[in-house]
Amino acid sequence: FAGEFLEGLDLPDCSEFHSWCIAERGNARALHLRLLSQLVDRLKQRPREAIEFARRQVAVDPHDESAWATLVRLLAAADRRREAEEQGEVGR
């Protein structure tokens, strides 16, 4: 995943395309989040490896409190306590 689906491609005079594109962007974003969640879950026993995917999850959906909590837990488990505290503050 690199940006939004068909990012930068807009046809303002074509409402059908616009509606389809919005729906597909939502589907792609949801798939991206599910994939990241699965990667974080599978790597939770290896927090140093899971952190990057948890960061991406927070970047895709910065309003997801559970994603922030997971990132903070992983950072703490990886002995990166100061960073965990900073991310906890940012997430609040």
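These legends walk through several close-up views of a predicted model. Residues are numbered from 1 along each chain as its sequence is written, and side-chain values use heavy atoms, with hydrogens and water left out. Because the model is predicted, local features need pLDDT of at least 70 and side-chain atom pairs count only at pLDDT 80 or more, while totals for chains, interfaces and linings use all residues.

**View 1. Phe-5, Phe-17 and Trp-20 form an aromatic cluster linked by ring pairs.**
Rings of Phe, Tyr and Trp (its six-membered ring) pair if their centres lie within 6.5 Å; planes under 30 degrees apart count as stacked, over 60 as edge-to-face and the rest as tilted. By this rule the count comes to two aromatic pairs. Helices here are DSSP runs (H or I, at least four residues), numbered from the N terminus. The other pair, Phe-17 with Trp-20, is tilted: 5.8 Å centre to centre and 40° between the planes. Both of these residues, Phe-17 and Trp-20, lie in helix 1, three residues apart, about one turn of the helix. How covered are the rings? Buried means under 20% relative accessible area, exposed over 50%, and partly exposed in between (1.4 Å probe, protein chains only). Phe-17 is buried at 16%, whereas Phe-5 is partly exposed at 32% and Trp-20 is partly exposed at 41%.

**View 2. Phe-5, Leu-6, Leu-9, Leu-11 and Trp-20 make a nonpolar surface patch of about 420 Å².**
Patches are made of residues with over 30% relative accessible area and no salt bridge; like charges are joined within 9 Å, and nonpolar side chains (Val, Leu, Ile, Met, Phe, Trp, Tyr) within 5 Å. The areas come from the Shrake-Rupley method with a 1.4 Å probe, and for residues only the protein chains shown count as cover. Leu-11 lies in the segment before helix 1 (15-42) and is partly exposed, with a relative accessible area of 40%. Leu-6 has its place in the segment before helix 1 and is partly exposed at 31%. Take a look at the backbone of Leu-6 too: its phi is near 55°, a positive value in a residue other than glycine. Most residues other than glycine have a negative phi.

**View 3. Glu-4, Asp-10 and Arg-25 are linked in a network of salt bridges.**
A salt bridge is a side-chain nitrogen of Lys or Arg within 4 Å of a carboxyl oxygen of Asp or Glu. A search of the whole structure finds 10 salt bridges. In this view, the side chains of Arg-25 and Glu-4 meet at 4.0 Å, N to O. The pair links distant parts of the chain, with Arg-25 in helix 1 and Glu-4 in the segment before helix 1, 21 residues apart. Glu-4 is partly exposed, with a relative accessible area of 49%.

**View 4. Arg-56 and Glu-52 meet in a salt bridge (3.4 Å, N to O).**
Both Arg-56 and Glu-52 lie in helix 2 (residues 47-60), four residues apart, about one turn of the helix. An α-helix has 3.6 residues a turn, so residues three or four places apart point the same way. Arg-56 is partly exposed at 40% relative accessibility, and Glu-52 is partly exposed at 39%.

The buried residues of helix 3 are Ala-67, Trp-68, Thr-70, Leu-71, Leu-74 and Leu-75.

**View 5. Asp-79 lies in the loop between helix 3 and helix 4 (81-91).**
Phi of Asp-79 is near 60°, a positive value in a residue other than glycine. Asp-79 is exposed, at 59% relative accessibility. Also shown is the salt bridge of Arg-80 with Glu-83, whose closest N and O atoms are 2.9 Å apart. Arg-80 is partly exposed at 33%, and Glu-83 is partly exposed at 22%.

How values were computed
Helices (H or I, at least four residues) and strands (E, at least two) are DSSP runs, numbered from the N terminus.
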